[in-house]
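Hello,

Here is the structure I promised to pass on. Please open it alongside the notes that follow.

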Amino acid sequence: MIQKLEEPGEKKHRTLPKVDDLRCTHFRLMTQESMVALHHKGEIPIASLTKPDGSAGKILILNSATTFDMLSEYHLTLLNHQAYAEHHHYAYVLALVKPVELRGRSAKFAKHLAMGTQLAQAWIPGRPSWDTVCHMDLDAWHASWAPFSSYGAMWPSNKDLLLGDTGQIWLNTGLICARPTRWALRFFDRVINAVFLYEKMDDDSELNENHPLREDTKNFVALGFKRDQPAVWHVLSQTWAEEAEVPYKGPGCTVWAHACNPDENPLECWHWCHWDALQRTGLKRWAFASKSASKWKGLGDVNGLTHLHLASRGAVPAVISTGLGNMRSAALHRMCLRSCHSVLVRASMSLCSLIFGGSVCGHQHWRDILPMCVPTSAAEALQAHRDVLSFCDSRKHMDKISP
C-alpha cells in the first residue's frame, strides 16, 4: 500500500479514498520483497514469520494514521518501520483510524485508540495477540537496526509501559510500548477519555457549546485534551499521585488553564505542573538504584515509580560515526523537529541541523520537516551508522536523479 502511494508520476493525479469508506481499520502490511516472494515465487512471506525476541516475546510494531495523505507524507518512515519489523520477524500493523471511532476527539488520540485495540486482542479467543505492542509516531524512525530486545532486556517484568529516553527532560511518547496487561488497557482508555477541567472565566462565552466532550459544572468547564501528550502526562501524574505520593495538583497547578491544553507545544505545562511535582517527590520508598537515592535527580528516576520504565539512551550497542572524529551511541529511534529552540543548544544535535537544512534531530516535535535520509533497509542503517554524512549525501543524490 505504501509503495503504491508513491509511484513516480502518480502523486499529482491520484484520487485517494476516504478512511471513512474502509471496511477494515487495522492492516497487516508487507514489504515489496515479501510481496514478490508470495505472488511470484509462491513462498511464505517474511512478514508472516513472526518470532519471539528475548524477554519481549512476540512483538507488534504499530503505526496509525487518520488520512491517506499522511501515508504519502510519511512514506519514508513507514517504509523504515515496515522493513525494520520484517528484518526482525516482528508483526507490523497499520491502523487507519476513522473519525467516527474518535467520537469528536482530536486525531492526536488515534494512536492510543489503536494501542488499546491491539492490546485487547489478548482477551479475545482465537485472535492473534502479542507479548509487546510498540507504537511509533510517523515522524519517528529506527536509526539503528538493533533488535527491540536492546530496550526490552532492561524492561522490568512488573512494568506495563516502556518509553525510550529521548535526551530531553520530558516524557515523550513518540515510541511507546506496552504489555497486554489490564492496567495498560485501562491506561489507554483513561488517556483517550482524559478531561481537561478548568475554572470558567469571564471571556469563556465564545467556547464551542457543541464540543462533544464539553461538560459544564457550575464554575468549571470540562473539555477533552487537544493534544495527547498532556493527556498522557496527566494520567501518569494522577497515577503516581495516588500510588507514590507525587504532589501533582492537576487543575490546581498555577499555569494549568493556559498551558495544559494548547494547540501546540505544551512544554510549559510539563515543566510547571509535572516536572515540578516530580522534583518534589521523595523516592526513599520506591528507589531501587541505590540506597541513597532519596531525592529526585533526573528524569530517569521515574523508573523508581510505578508502571512505567524509561529505557536508557545507551541501550543500543550500535555506534554512529559523525564524520568529525566523534563516536556516539545510536538511539534505537529518532524523531525530527523544527521549532523547539531550546533543543538547539544541545551540541549532539547540531550536526543534524547542518545535514537536514534547518531540521534538528531530536525526540519532540510540534511541526516537522522529515529528512530524506531515513534508512529503509538494514544495509542503509548500517551505512548511516558508519558515516551519517556519507549516507545523507548519497540519499540526496539519489533523490535528485530519481524520476
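Which residue stands opposite Val133 in E4? Leu60 does. Keep in mind that this is a predicted model.

Start with E4, which covers residues 132-136. Five of its five residues are buried, so the strand is largely enclosed by the rest of the structure. Thr132, Cys134 and Met136 point one way from E4. Val133 and His135 point the other way.

E4 has a partner on each of two counts. Strand E2 (residues 59-65) pairs with E4 in the parallel sense, over four bridges. E7 is joined to E4 by four bridges as well, but these two run antiparallel. Val133 turns up again here: its bridge partner in E7 is Ala178.

Now the whole sheet. Seven strands make up an open sheet, ordered E1-E3-E2-E4-E7-E6-E11, with mixed pairing. From one strand to the next, the twist averages 25°.

At the E11 end, E6 (residues 161-164) runs parallel to E11, and four bridges join them. Leu161 stands opposite Leu308 of E11. Helix H8 (residues 182-192) packs on the sheet, where it touches E6 and strand E7 (175-178). The direction of H8 makes about 140° with that of E7.

Next, the cores. The largest nonpolar core has 58 residues. Leu171, Phe187 and Trp240 have the most contacts inside it. Leaving aside residues up to four places away in sequence, Trp240 touches Leu171, Glu245, Val246, Leu278, Val302, Leu305, Thr306 and Leu308. A second, separate core has 31 residues, including Leu29, Leu96, Met136 and Ala140. Met136 is also one of the buried residues of E4.

Finally, confidence. The protein chain averages a pLDDT of 77, and 68% of the residues score at least 70. Two stretches call for care. Over residues 204-217 the pLDDT is below 50, and this stretch has 23 contacts in the model beyond near neighbours in sequence. Over residues 316-330 the pLDDT is again below 50, with 43 contacts counted in that way. Where pLDDT is low, the predicted coordinates should not be read in detail.

Best wishes

Key:
Residues numbered from 1 in each chain as written. Predicted model: local features only at pLDDT ≥ 70, side-chain atom pairs only at ≥ 80, totals over all residues. Heavy atoms only, no water. Core = buried A, V, L, I, M, F, W, Y, C linked by side-chain atoms within 4.5 Å. Buried < 20%, exposed > 50% of the residue type's maximum accessible area, 1.4 Å probe, protein only. Contact = heavy atoms within 4.5 Å. Pairing = 2+ DSSP bridges. Axes fitted to C-alpha atoms, helices over the stretch in contact; angles between N-to-C directions. pLDDT = per-residue confidence, 0-100.
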